[in-house]
Amino acid sequence: MTGTGAIPEAGIPGIDPSCTRTFIEGQPACAEKPFATRVGVRRLVSAAVAAPSVHNTQPWRFRHVDDTTMDLYADLDRLLAVTDPMGRGLGISCGAALFNLRLAIRMTVHDPQILLLPDSEERPDLLATVRAIPGSPPDQDERLLHAMIPHRRTNRFPFDDRRLPRDVFANLVHAAHEEGASLVLVKGRTARRVLDLVAMAEDTLAAEETYRAELARWTGSRTRCDGVPEHAFGPRPRHGELPMRDFTLGDPYAGRDLRSGAAGEPVREQADFEPDPQLAALFTRGDGPRDWLRAGQALQRVLLTATAHGVAASMFSQPLDLRPAPYRSDRERPFGHVQMLVRFGYGPPVPRVPRRPVFEVVDLRTWEAHRG
């Protein structure tokens with residue numbers, strides 16, 4: 001995939017219909033600047049906010065700087081103090097949104113120039129400045145990844161026993177590498193140990209009242225535009241095969257079969273999960289805010305690539321969030337620091353989860369002042 005491998009400067013990601021005919025017919029590149037109109041802003045930011053985020057908190061804000069420039073901010077009011085105390089998950093989430101924005105800009109026949117953490121001392125919440133400059137038409141791979149943005153889902157349901165073909169996993173590994181990260185297959189005894197660590201971390205969190213209260217804030221309601229709705233919880237593994245996060249802890253009656261159990265209590269739906277899950281770990285060389293943004297971009301490229309192959313995915317992060325940064329990995333290990341554990345496979349289709357309205361997350365005061 002061309003033009004997208006250098007994370008700090010180059011990019012990819014979203015489709016502008018006004019430019020589609022231009023590059024397909026080989027005509028001159030689209031002259032309209034990507035952020036010059038409200039329609040353009042809506043189109044590009046809609047692609048960005050379709051990214052996954054921890055508990056679907058959507059912890060991002062965008063500020064229109066000028067017709068070619070957009071700033072990406074962390075929305076610190078949406079930081080999960082218990083689940084994500086260091087802000088690692090928030091950084092990964094915003095990195096995924098940044099990758100989608102890069103793709104959307106490429107669809108306008110522009111190249112995104114990315115400056116990460118441009119003012120880390122004075123504005124640590126300013127995560128990236130994204131500037132669009134005229135570029136070449138997007139290639140086939142870029143257009144395919146962009147087309148996958150609305151189809152990507154987090155799938156917490158059981159997968160079947162089909163194994164990923166080697167060439168498919170190789171493509172996922174390559175996707176991570178393109179973003180300066182490493183995706184490593186985890187199998188056998190190592191996979192079992194990793195899942196045991198996830199289970200222990202989940203048990204530790206479940207015992208904390210503050211965690212259950214935080215979970216309650218971000219789960220369950222069908223009317224809100226953020227958080228994890230009940231239809232996305234997934235069932236409880238019948239035999240404990242996988243330590244799936246229990247989103248019903250925030251509401252003991254959410255996501256449950258209301259037929260009474262033996263003790264007259266509601267019973268959460270159960271299902272048989274795959275006994276030998278296909279796991280991979282996403283690594284970055286470092287482990288700070290810049291690396292979390294890098295990990296998010298790599299993760300989203302991997303997830304969109306998986307979607308293009310018909311592969312479902314869900315994530316585990318519990319043991320990574322609980323451990324202080326210096327202890328999450330051995331610095332002497334060849335791949336660096338684990339940033340996410342991903343489960344891949346072939347599962348049932350799942351519905352989308354909600355997103356906030358675009359103009360709720362975009363500050364257009366500069367745009368309006370220039371046109372006022």
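**View 1. Q58 lies in the loop between α2 and β1.** This is a predicted model, so please read each of these close-ups with that in mind. Phi of Q58 is near 50°, a positive value, although Q58 is a residue other than glycine. Most residues other than glycine have a negative phi. Is Q58 buried or exposed? With a relative accessibility of 1%, Q58 counts as buried.

Now look along the loop to N56. N56 lies in the loop between α2 (38–48) and β1 (60–66). Here too phi is positive, at about 50°, and N56 is not a glycine. The relative accessible area of N56 is 6%, so this residue is buried, the cut-off being under 20%.

**View 2. Five strands form an open sheet in the order β3-β4-β2-β1-β15.** The pairing in this sheet is mixed. Which strands sit at the edges? They are β3 and β15 (362–363), each of which pairs on one side only. As a reminder while you trace the backbone, strands of a sheet pair through backbone hydrogen bonds, either parallel or antiparallel.

**View 3. Strand β4 runs antiparallel to β2 and also to β3.** How many bridges join β2 to β4? There are five, between strand β2 (residues 69–74) and strand β4 (residues 126–134). Two residues of the β2–β4 pairing are handy to pick out. M70 has V130 in β4 as its bridge partner, and L72 has A128 in β4 as its bridge partner. Strand β3 (residues 110–116) is joined to β4 by seven bridges.

**View 4. F233 and F247 form a stacked aromatic pair.** The count of aromatic pairs in the model comes to two. In the pair shown here, F233 and F247 are 5.6 Å apart from centre to centre, with 25° between the planes. Where do the two residues lie? F233 lies in the loop between β7 (228–229) and β8 (236–237), and F247 in the loop between β8 and β9 (256–260), so the pair ties together parts that are 14 residues apart in sequence. F233 is buried, as is F247.

**View 5. F283 and F335 form a tilted aromatic pair.**

**View 6. A280 in strand β12 is a buried residue.** The relative accessibility of A280 is 1%. Which residues does A280 touch, once its neighbours within four places in sequence are left aside? Its contacts are F169, L183, V184, L185, V186, M340, L341, V342 and F344. Pick out M340 among these contacts. A280 and M340 are 60 residues apart in sequence, yet 8.4 Å apart in space, C-alpha to C-alpha.

**View 7. Two arginines lie over phenylalanine rings: R38 over F359 and R343 over F159.** R38 lies over the face of F359, at 4.5 Å from the ring centre. For R343, the charged end sits over the ring of F159, 3.6 Å from its centre.

**View 8. C94 is buried, whereas C225 is partly exposed.** How many disulfides does a search of the whole structure find? The search finds zero disulfides. Among the cysteines, C94 has a relative accessibility of 0%, and C225 has a relative accessible area of 34%.

**View 9. Residues 1–16 and residues 20–29 have pLDDT under 50.** Over the whole protein, the mean pLDDT is 86, and 81% of the residues reach 70 or more. For residues 1–16, the model has 76 contacts beyond four places in sequence. For residues 20–29, the model has twelve contacts of this kind, beyond four places in sequence.

How values were computed:
Residues numbered from 1 in each chain as written. Predicted model: local features only at pLDDT ≥ 70, side-chain atom pairs only at ≥ 80, totals over all residues. Heavy atoms only, no water. Pairing = 2+ DSSP bridges. Helix = DSSP H or I, 4+ residues; strand = E, 2+ residues; numbered from the N terminus. Phe/Tyr/Trp six-rings, centres within 6.5 Å; stacked < 30°, edge-to-face > 60°. Buried < 20%, exposed > 50% of the residue type's maximum accessible area, 1.4 Å probe, protein only. Lys NZ or Arg CZ within 6 Å of the ring centre and 35° of its normal. Disulfide = S-S within 2.5 Å. pLDDT = per-residue confidence, 0-100. Contact = heavy atoms within 4.5 Å.
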